[in-house]
Number of protein chains: 2
Amino acid sequence: MTSDAPHSLPDTLFDTAVVAGVGLIGGSLALGLRQRGLVRRLIGYDASYDVLREAEALGVVDEIKTKPGEWLREAELVVLAAPVRVLPALARELAPFLNPAALVTDVGSVKSGIAAELEALGVRNFVPGHPMAGSERGGVTHARAALLENAVWVLTPTDHTPLTALSRVRTLVEELGAAPVVMPPDAHDSLVATVSHLPYLASLALTHLVARDERLSLLAAGGFRDLTRVASGDPRMSRDMVVANRAALREALLRFRRQLERLEADLEDPEELLAAAQEGKRTRDSLPVVKRSLLPQKHDLVVAMPDRPNQIGRVTQALGAAGVNIKDIEVLAIREEGGALRLGLESVEAVARAAELLTQEGFEVRSRR
Amino acid sequence: MTSDAPHSLPDTLFDTAVVAGVGLIGGSLALGLRQRGLVRRLIGYDASYDVLREAEALGVVDEIKTKPGEWLREAELVVLAAPVRVLPALARELAPFLNPAALVTDVGSVKSGIAAELEALGVRNFVPGHPMAGSERGGVTHARAALLENAVWVLTPTDHTPLTALSRVRTLVEELGAAPVVMPPDAHDSLVATVSHLPYLASLALTHLVARDERLSLLAAGGFRDLTRVASGDPRMSRDMVVANRAALREALLRFRRQLERLEADLEDPEELLAAAQEGKRTRDSLPVVKRSLLPQKHDLVVAMPDRPNQIGRVTQALGAAGVNIKDIEVLAIREEGGALRLGLESVEAVARAAELLTQEGFEVRSRR
């Protein structure tokens with residue numbers, strides 16, 4: 001892989017890859033890697049021999065392993081795909097055998113813990129990740145590459161994650177057909193507490209209200225049933241997820257309670273309640289359906305950053321003064337002698353204008369896609 | 001209609017019927033009445049002439065009226081199908097012109113208010129009703145008879161509702177392909193507060209947590225979007241619904257908060273939380289999908305009740321002593337000289353056993369369906 005051309009990758013990104021934990025997500029990822037020709041040889045690792053045999057029979061993996069060992073040194077890519085509760089133990093199990101150059105990522109639904117764990121283990125090229133995909137039906141039997149396509153896939157580098165590692169995992173995620181989104185681990189955990197773990201607890205609380213009441217559950221058919229779908233997931237995995245993220249979840253619960261109290265007060269103020277109902281509808285209707293075409297469109301400009309102070313400030317000032325609105329900004333840093341900055345802009349026109357301005361300022365730019 | 005054979009009805013139940021309020025539900029009901037040959041002549045009444053023209057063009061109604069008047073005297077059936085907020089005004093508008101023999105029902109989502117209103121207006125044959133069906137897309141354009149098929153349709157007689165009127169509306173609901181469930185107005189309002197209005201407020205609170213945060217709404221795609229579907233309904237109708245039922249909703253909110261607090265405490269007690277997650281899944285998975293075949297199966301026995309004291313007590317004692325479990329009980333009372341009791345039992349065998357026991361006790365019985 002050449003250092004300055006992340007988009008002219010060879011067809012096969014990795015010679016040997018290991019997927020550790022071959023369940024729904026691990027299996028789907030393995031299928032994606034194989035079907036898209038991103039790996040030559042794929043080894044499935046799992047504590048369960050039966051699961052591995054199933055994975056092999058389904059053509060999900062090339063080889064299977066139930067014990068860690070020297071064979072791991074050959075892996076250029078290692079994906080930890082176990083449930084969130086066993087991820088740290090899995091990491092400790094494999095870490096002693098990893099090639100220091102191996103790219104390591106995981107798919108856990110909570111990120112702070114595993115990020116700290118891998119850091120403590122001294123795994124250098126670790127990029128914590130969370131593909132936001134799932135299904136009520138778990139296990140490798142239900143795995144399919146399409147599960148991860150068009151999914152939002154959060155990557156949560158720590159302060160010590162090498163930017164080259166981040167860049168490579170980012171490319172991998174894109175090659176798998178998903179949409180990478182980069183943010184710090186604790187930001188991720190706070191966001192998923194709000195959009196995933198809080199709704200789970202709320203659904204659970206709602207189902208408990210109708211438990212063991214025949215009339216209630218008769219009326220609860222239809223709408224209520226749809227609303228509590230997440231309460232139907234695997235109880236142990238759901239429990240582990242919310243327990244692992246309990247600090248952020250408590251904060252989300254606090255904010256949820258405040259919203260409920262406000263809405264309850266609004267029951268006596270119908271005009272306020274109407275405004276709240278209207279805002280709720282606007283927000284909900286604006287949530288993207290998970291389809292790539294509906295994800296924010298990319299109008300990117302990549303700017304080479306000389307290794308000198310305040311280069312980002314120079315870029316943002318130049319564009320700001322000219323009225324070019326920066327919607328997204330990210331340090332790519334894929335070269336040793338300096339870095340690169342990706343700017344997300346509003347339109348093709350904005351990209352052209354920014355390129356012109358920054359070239360005048362002496363920057364080297366290229367537009368992307 | 002003969003008094004003792006409610007199940008050998010003529011094909012056309014009503015000569016002239018009026019559907020007042022020709023929106024999604026009123027329109028669907030009108031289509032059901034026409035398509036199933038339950039009415040000879042169907043008049044649509046609405047404040048909006050445009051809506052009526054549309055309904056006429058779509059073949060939903062035979063005739064249209066925008067003002068109440070003497071024409072209402074011909075109606076044998078009047079269905080109030082306006083949104084819950086305008087139902088009382090609609091009732092006051094039509095009441096002076098109603099034929100005292102007319103059967104009157106409504107489709108409002110909150111029942112105590114309209115039940116009291118019609119009682120105050122002296123409308124004798126009024127049976128409050130609530131078909132639990134809906135769609136995010138409102139209006140007569142989206143009306144279809146199938147919307148009400150297999151729906152749970154709650155009927156909420158008051159202490160003054162004649163049992164003959166209840167029996168006729170019950171039959172009508174069954175003829176429309178829906179499943180009637182009978183309970184008092186305040187019981188209905190408390191149940192829908194829990195299964196419908198509380199989930200709406202909870203969804204609204206959740207959407208407010210992600211409002212105006214681009215990262216949150218990006219991650220909120222998919223699962224979260226499904227969970228907040230009800231927040232996407234018509235804001236004014238949703239607002240009116242929860243305001244009309246605010247007393248019961250407050251109680252539901254209180255119970256919801258307690259459940260949330262318990263779950264939050266369980267975050268420090270993973271075994272308890274697992275038990276709660278398992279119970280939640282059990283409850284949710286046991287909720288009926290709205291399909292008639294999945295509604296509780298009917299194993300009914302109808303018992304003629306002589307007009308003497310404590311007949312119900314005699315029936316329940318006889319069955320209780322023999323270990324026959326009564327799952328449902330309802331007074332049908334379709335004859336002037338006495339009444340009838342419907343017993344819902346657990347199985348065909350239980351029906352046979354109960355029939356034998358009650359015949360020995362001197363009761364006249366017949367099994368139903």
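In chain A, take the contacts with a separation of 6 or more: 70% of them come from residues 24 or more positions apart. Contact here means heavy atoms within 4.5 Å. This is a predicted model, where local features need pLDDT of at least 70, side-chain atom pairs count only at pLDDT 80 or more, and totals for chains, interfaces and linings use all residues. Residues are numbered from 1 along each chain as its sequence is written, chains are lettered from A and ligands numbered from 1 in the order in which they are written, and side-chain values use heavy atoms, without hydrogens and water.

Now chain A as a whole. It has 13 helices and 13 strands. Those are DSSP runs, numbered from the N terminus: helices are H or I with at least four residues, strands are E with at least two. Of its 369 residues, 55% count as buried. Buried means under 20% relative accessible area, exposed over 50%, partly exposed in between, with a 1.4 Å probe and protein chains only. Chain A exposes about 16,100 Å². Carbon and sulfur atoms supply 49% of that area. The areas come from the Shrake-Rupley method with a 1.4 Å probe; for residues, only the protein chains shown count as cover.

Next, the sheet. Six strands of chain A form an open sheet, in the order β3-β2-β1-β4-β5-β6, with parallel pairing. Two strands pair if DSSP finds at least two bridges between them. Which strands stand at the edges? β3 and β6 of chain A do, each with a single partner strand, so one side of each has no neighbour in the sheet.

Look at β4(A). It pairs with β1(A) in the parallel sense over four bridges. Ala20(A) stands opposite Leu80(A) there. β4(A) also pairs with β5(A), again parallel, over four bridges. Leu77(A) has Leu103(A) in β5(A) as its bridge partner. In a regular strand the side chains alternate between the two faces of the sheet. In β4(A), both faces are covered. Leu77(A) and Val79(A) are buried on one side, Val78(A) and Leu80(A) on the other.

Move on to β5(A). Two bridges join it to β6(A), and the two run parallel. Thr105(A) stands opposite Val127(A) in β6(A). Helix α3 of chain A, residues 87–94, packs on the sheet and touches β1, β2, β4 and β5 of chain A. Its direction makes about 150 degrees with that of β4(A). Axes are lines fitted to C-alpha atoms, for helices over the stretch in contact, and angles run from 0 to 180 degrees between N-to-C directions.

Now the aromatic rings. How many aromatic pairs does the structure hold over all chains? Three. Rings of Phe, Tyr and Trp (its six-membered ring) pair if their centres lie within 6.5 Å; planes under 30 degrees apart count as stacked, over 60 as edge-to-face and the rest as tilted. Tyr45(A) and Trp71(A) form a tilted pair, 6.1 Å centre to centre, with 35 degrees between the planes. They link distant parts of the chain, 26 residues apart: Tyr45(A) is in strand β2, Trp71(A) in the loop between β3 and β4. Tyr45(A) is buried at 3% relative accessibility. Trp71(A) is buried too, at 14%.

Phe256(A) and Phe256(B) form an edge-to-face pair, 6.3 Å centre to centre, with 80 degrees between the planes. Each lies in helix α10 of its own chain, so the pair joins two chains.
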